[in-house]
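Please find below my note on the chain under discussion.

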Amino acid sequence: MTTYPTISAADEQLEVPGLSALTHDWLTAIGEDPEREGLERTPHRVAKAWSFLTAGYHKTLQDAAGDAVFAAEGSEMVLVKDIEFYSMCEHHMLPFYGRAHVAYIPDGKILGLSKFARIVDLYSRRLQVQERITTQIADAVEELLSPRGVAVLMEGVHLCMAMRGVQKQNSSTTTSAMRGLFKDDARTRAEFMSAVQSTLRSR
């Protein structure tokens, strides 16, 4: 009969329900001994880690934005660069990570700057593909602000390519989503790309 390490009620509340037992069986399936000292509490650690990594399933855009949408004048581009993101590939459940750059042109409303990081986290902390996250962020900013334009560019390193398969450790993936003026006006799009280009070249 399989036995599992005891855990406090407080710690159990932080876990994805049922994942600890599944991880125990997973360790056995790959030929490990989940009862040995180094792995004894690993199933609980994994269940708690995945609770954090998939927190985006349990939050909404309103949770991320809060009450930080403000009326404001101005129609110049607002750009938040180098927002770190960490996500899990839905195909192999391996990490991918990188940086997001989000810009918009206000049309009567602005968003508190820290909320852009929260929006990126909202969609990153799920099983994902980078293309979808990019689109979801752009759609979210449009929904919140109805701006004159939105641009999102994401650079990611995918461990499903680096650790397995083609094993290309130095490859990266860039995705973009353009809305409004960033899509329709070449000069506006060029201004955005110029603003983030120095960041792209510096790494």
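1. Among contacts in the chain between residues at least 6 apart in sequence, what percentage join residues at least 24 apart? The share is 70%. This value, like those that follow, comes from a predicted model.

2. As to the overall make-up, the chain has 203 residues, of which 39% count as buried. Its secondary structure consists of 9 helices and 7 strands.

3. Helix α5 spans residues 114-124, and its buried residues are Lys115, Phe116, Ile119, Val120, Leu122, Tyr123 and Ser124. The elements that cover these buried residues include the helices α4 (61-65) and α6 (130-145). Strands also take part in the cover, among them β2 (78-89), β3 (95-105), β4 (109-111) and β5 (127-128).

4. For α5 and α6 the angle is about 135° and the axes are 9 Å apart. The two helices are therefore oblique to each other, and their crossing is right-handed.

5. Which residues form the contact between α5 and α6? From α5 come Phe116, Ile119, Val120, Tyr123 and Ser124; from α6 come Ile133, Gln136, Ile137, Ala140, Val141 and Leu144. By class, this contact has 9 nonpolar and 2 polar residues, with no charged residues. Of the α5 residues named here, Phe116, Ile119, Val120, Tyr123 and Ser124 are also listed as buried.

6. Threonine 54 lies in the loop between α3 (42-53) and α4. Is threonine 54 buried or exposed? Its relative accessible area is 11%, and threonine 54 therefore counts as buried, the limit being under 20%. A polar atom of its side chain lies 2.5 Å from the backbone oxygen of tryptophan 50. Leaving aside neighbours within four places in sequence, threonine 54 is in contact with Arg125 and Arg126.

7. Aspartate 184 belongs to helix α8, which covers residues 181-184. With a relative accessible area of 64%, aspartate 184 is exposed, because the class begins over 50%. How many residues separate aspartate 184 from glycine 149 in sequence, and how far apart are they in space? The separation is 35 residues in sequence, and the distance from C-alpha to C-alpha is 9.1 Å.

Technical notes
Residues numbered from 1 in each chain as written. Predicted model: local features only at pLDDT ≥ 70, side-chain atom pairs only at ≥ 80, totals over all residues. Heavy atoms only, no water. Buried < 20%, exposed > 50% of the residue type's maximum accessible area, 1.4 Å probe, protein only. Helix = DSSP H or I, 4+ residues; strand = E, 2+ residues; numbered from the N terminus. Contact = heavy atoms within 4.5 Å. Polar contact = N/O pair within 3.5 Å; in protein donor to acceptor, adjacent residues only side chain to side chain. Axes fitted to C-alpha atoms, helices over the stretch in contact; angles between N-to-C directions. Parallel < 35°, antiparallel > 145°, perpendicular 65-115°, else oblique. Left-handed = near helix turned anticlockwise from the far one by under 90°. Nonpolar A, V, L, I, M, F, W, Y, C, P; charged D, E, K, R; others polar.
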